[in-house]
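Me: I would like to learn how to read the features of a model. Please take me through one, a feature at a time.

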Amino acid sequence: MGIKLIKIAVVYFLIGISFGLYMSLTHVFKLATVHVHINLLGWMSLSIAGIFYILFPKLAETSAAKVHFWLHNIGLPVMMISIALAILDVSPIFFLIATIGGVVTVIGIFCFGYNVLKNLSS
């Protein structure tokens, strides 16, 4: 699971950096929120979680790890796409969808936190 998370994180890194380059080239920074969230919740958070799961393989075997993996990887793209569509004024409904995606992502991250606090021992 750790390797999968790191590979997914690298994809988010490439997307996030591309957003940054696009904004720099066009001087249009409307999607800065999406850029920041992709880099923080996609690249950084998933990389760190992946490293945890590699360093401490027993953490990756728990049901909390599996729930974290799926909720983080379902909620985050829903949230990012919806925030972008909301900011671009496609429809106000995307603010609600972004919030739902955010809640799903946060629940997944809390599963990761629970897993580490409960199951990580020296």
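Me: Which residues make the nonpolar surface patch of about 340 Å²?
Reply: A patch is made of residues with over 30% relative accessible area and no salt bridge; like charges are joined within 9 Å, nonpolar side chains (Val, Leu, Ile, Met, Phe, Trp, Tyr) within 5 Å. A salt bridge is a side-chain nitrogen of Lys or Arg within 4 Å of a carboxyl oxygen of Asp or Glu. Areas come from the Shrake-Rupley method with a 1.4 Å probe, and for residues only the protein chains shown count as cover. Here Ile51, Leu55, Phe56 and Leu120 make the patch. Phe56 sits in the loop between α2 and α3 (57-60). Its relative accessible area is 34%, so Phe56 is partly exposed.

Me: What should I know about the model and its numbering?
Reply: The model is predicted: local features need pLDDT of at least 70, side-chain atom pairs count only at pLDDT 80 or more, and totals for chains, interfaces and linings use all residues. Residues are numbered from 1 along each chain as its sequence is written, and side-chain values use heavy atoms, with hydrogens and water left out.

Me: How many helices and strands does the chain have?
Reply: Helices (H or I, at least four residues) and strands (E, at least two) are DSSP runs, numbered from the N terminus. This chain has five helices and zero strands. The C-alpha atoms fill a box of roughly 50 × 30 × 20 Å along the principal axes. Accessible surface comes to about 7200 Å², with 78% belonging to carbon and sulfur atoms.

Me: Where does UniProt place the feature "transmembrane region"?
Reply: UniProt positions use the numbering here, feature names are shortened, and annotations may be inferred rather than shown by experiment. The unreviewed UniProt entry gives residues 5-25, 37-56, 68-87 and 93-117. Residues 68-87 are 100% helix, with end C-alpha atoms 27 Å apart. Residues 93-117 are also 100% helix, and their end C-alpha atoms are 36 Å apart.

Me: What span does helix α1 reach?
Reply: Expected span is 1.5 Å times one less than the number of residues. Helix α1 (residues 2-26) has 25 residues and reaches 36 Å from first C-alpha to last, close to the 36 Å expected.

Me: Which residues of α1 are buried, and what do they pack against?
Reply: Buried means under 20% relative accessible area, exposed over 50%, partly exposed in between (1.4 Å probe, protein chains only). Contact means heavy atoms within 4.5 Å. In α1, Gly2, Leu5, Ala9, Tyr12, Gly16, Gly20 and Met23 are buried. They pack against α2 (32-55) and α4 (63-87). Across the chain, buried residues make up 38% of the 122 residues. Of contacts with a separation of 6 or more, 73% join residues 24 or more positions apart.

Me: Why does Asn73 count as buried?
Reply: Its relative accessibility is 15%, so Asn73 counts as buried. Asn73 is in helix α4. Leaving out residues up to four places away in sequence, Asn73 touches Leu5, Ile8, Tyr12 and Leu46.

Me: Where does Asp89 lie?
Reply: Asp89 lies in the loop between α4 and α5 (93-119). Its phi is positive, near 60°. At 63% relative accessibility, Asp89 counts as exposed.
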